[in-house]
Amino acid sequence: TLFRSGASSFQSAIAAYTEAIRLDPNYAQAFAGRSLVVSYYAGEFGNGAVVKDLAARSEADARQALKLAPDLAQAHLAMGRFLASTPLDYTHASEEYERAMALAPGDAEVLTGSGGYAVYMGRFEPGLAALRHAVALDPLNPQSRAGLGESLFWARRYQEALATFAQVISLAPDFKRIYGFRGVAYYWLGDLQSARTSCEVNRDHWSSMWCL
């Protein structure tokens with residue numbers, strides 16, 4: 001639900017994790033969760049110095065989660081996300097994602113994050129397989145399905161991506177970033193009118209600006 005309700009949903013999630021940590025400073029899952037949400041927030045809404053500050057917070061939380069629970073899959077997922085998004089340390093990010101998968105091969109969140117990363121690194125087949133598994137495990141979660149759709153897009157499987165984006169929109173019509181990705185998929189298929197129509201749904205969102 002994070003990507004469906006704008007910045008306020010991210011801020012509410014961060015506040016909830018912060019309160020959980022206040023109540024239990026040794027709650028590794030809360031540190032890992034906050035690290036991931038802060039990282040997603042930076043990617044969606046951050047810029048300039050804000051991104052640098054958010055990245056530092058994400059890293060600190062991921063490291064604390066690992067310190068408290070070295071075998072927590074979500075902690076490795078959070079560290080992998082940080083390493084891949086800010087210092088661009090892809091070698092160590094891969095190690096963290098692989099560790100997360102080894103610890104929790106049946107966790108939809110881990111499968112979505114690890115599968116998406118594999119696709120971004122050009123390992124399309126194993127990445128897409130992980131993402132399909134995530135969707136099968138949690139079929140009503142629009143975020144897992146969106147991860148599959150975006151990964152199909154990056155793999156240049158535009159027709160399959162469009163079908164998946166339609167499923168995401170059916171589950172969550174207010175999932176803003178999907179309309180931009182759907183528009184670019186239409187663009188690459190040569191359907192320029194459908195591309196423009198999709199990209200104009202949420203003109204203030206970065207994905208729609210990119211598309212337009």
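**Helix packing, aromatics and loops**

Guide: Helix 2 (residues 28-45) packs on helix 3 (residues 49-68) at an angle of about 160°, and their axes are 8 Å apart. That makes helix 2 roughly antiparallel to helix 3. The word applies to angles over 145 degrees, with under 35 roughly parallel, 65 to 115 roughly perpendicular and the rest oblique. Axes are lines fitted to C-alpha atoms, for helices over the stretch in contact, and angles run from 0 to 180 degrees between N-to-C directions. Helices are DSSP runs (H or I, at least four residues), numbered from the N terminus.

Visitor: What kind of model is this?

Guide: This is a predicted model: local features need pLDDT of at least 70, side-chain atom pairs count only at pLDDT 80 or more, and totals for chains, interfaces and linings use all residues. Residues are numbered from 1 along each chain as its sequence is written, and side-chain values use heavy atoms, with hydrogens and water left out.

Visitor: Back to helix 2 and helix 3. Which hand is the crossing?

Guide: Helix 2 passes helix 3 in a left-handed crossing. Left-handed means the near helix is turned anticlockwise from the far one by less than a right angle; clockwise is right-handed.

Visitor: Which residues in helix 2 and helix 3 meet?

Guide: On helix 2: A28, F31, A32, R34, S35, V38, S39, Y41 and A42. On helix 3: V51, L54, R57, S58, D61, A62, Q64, A65 and L68. Sorted by class, the contact of helix 2 with helix 3 has 11 nonpolar, 4 polar and 3 charged residues. Contact means heavy atoms within 4.5 Å. Ala, Val, Leu, Ile, Met, Phe, Trp, Tyr, Cys and Pro count as nonpolar, Asp, Glu, Lys and Arg as charged, and the others, Gly among them, as polar.

Visitor: Is S35 buried or exposed?

Guide: S35 is buried, with a relative accessible area of 1%. Buried is under 20%, exposed is over 50%, and partly exposed is in between (1.4 Å probe, protein chains only). Not counting residues up to four places away in sequence, S35 touches S58, D61, A62 and A78.

Visitor: And how does helix 1 sit on helix 2?

Guide: Helix 1 (residues 7-23) and helix 2 pack at an angle of about 160°, with axes 9 Å apart. So helix 1 is roughly antiparallel to helix 2. Helix 1 also passes helix 2 in a left-handed crossing. The residues in contact include F10, I14 and Y17 of helix 1 and F31, V38 and Y41 of helix 2. By class, the contact of helix 1 with helix 2 has 14 nonpolar, 4 polar and 2 charged residues.

Visitor: New topic. How many aromatic pairs are there?

Guide: The count is 13 aromatic pairs. In one of them, the rings of F153 and F181 have centres 5.4 Å apart and planes at 85°, so the pair is edge-to-face. The rule: rings of Phe, Tyr and Trp (its six-membered ring) pair if their centres lie within 6.5 Å, with planes under 30 degrees apart stacked, over 60 edge-to-face and the rest tilted.

Visitor: Where do F153 and F181 lie?

Guide: F153 lies in helix 8 (residues 142-154) and F181 in helix 10 (residues 176-188), so the pair ties together parts that are 28 residues apart in sequence. Both F153 and F181 are buried. One aromatic cluster is formed by Y120, F153, W154, Y158, F181, W206 and W210.

Visitor: So how do helix 8 and helix 10 pack?

Guide: The angle between helix 8 and helix 10 is about 25°, with axes 11 Å apart. That makes helix 8 roughly parallel to helix 10. Their crossing is left-handed. A146, E150, F153 and W154 in helix 8 meet R177, I178, F181, V184, A185 and W188 in helix 10. By class, that contact has 8 nonpolar, no polar and 2 charged residues.

Visitor: Is E150 buried or exposed?

Guide: E150 is buried, with a relative accessible area of 6%. Leaving aside neighbours within four places in sequence, E150 is in contact with Y120, F165, R177, I178 and F181.

Visitor: Last one. What phi do L88 and R156 have?

Guide: L88 has a positive phi of about 55° although it is not a glycine. R156 has a positive phi of about 65°, and it is not a glycine either. Most residues other than glycine have a negative phi. L88 lies in the loop between helix 4 (73-85) and helix 5 (90-103), and is partly exposed at 47% relative accessible area. R156 lies in the loop between helix 8 and helix 9 (158-171), and is exposed at 67%.

Key
Helix = DSSP H or I, 4+ residues; strand = E, 2+ residues; numbered from the N terminus.
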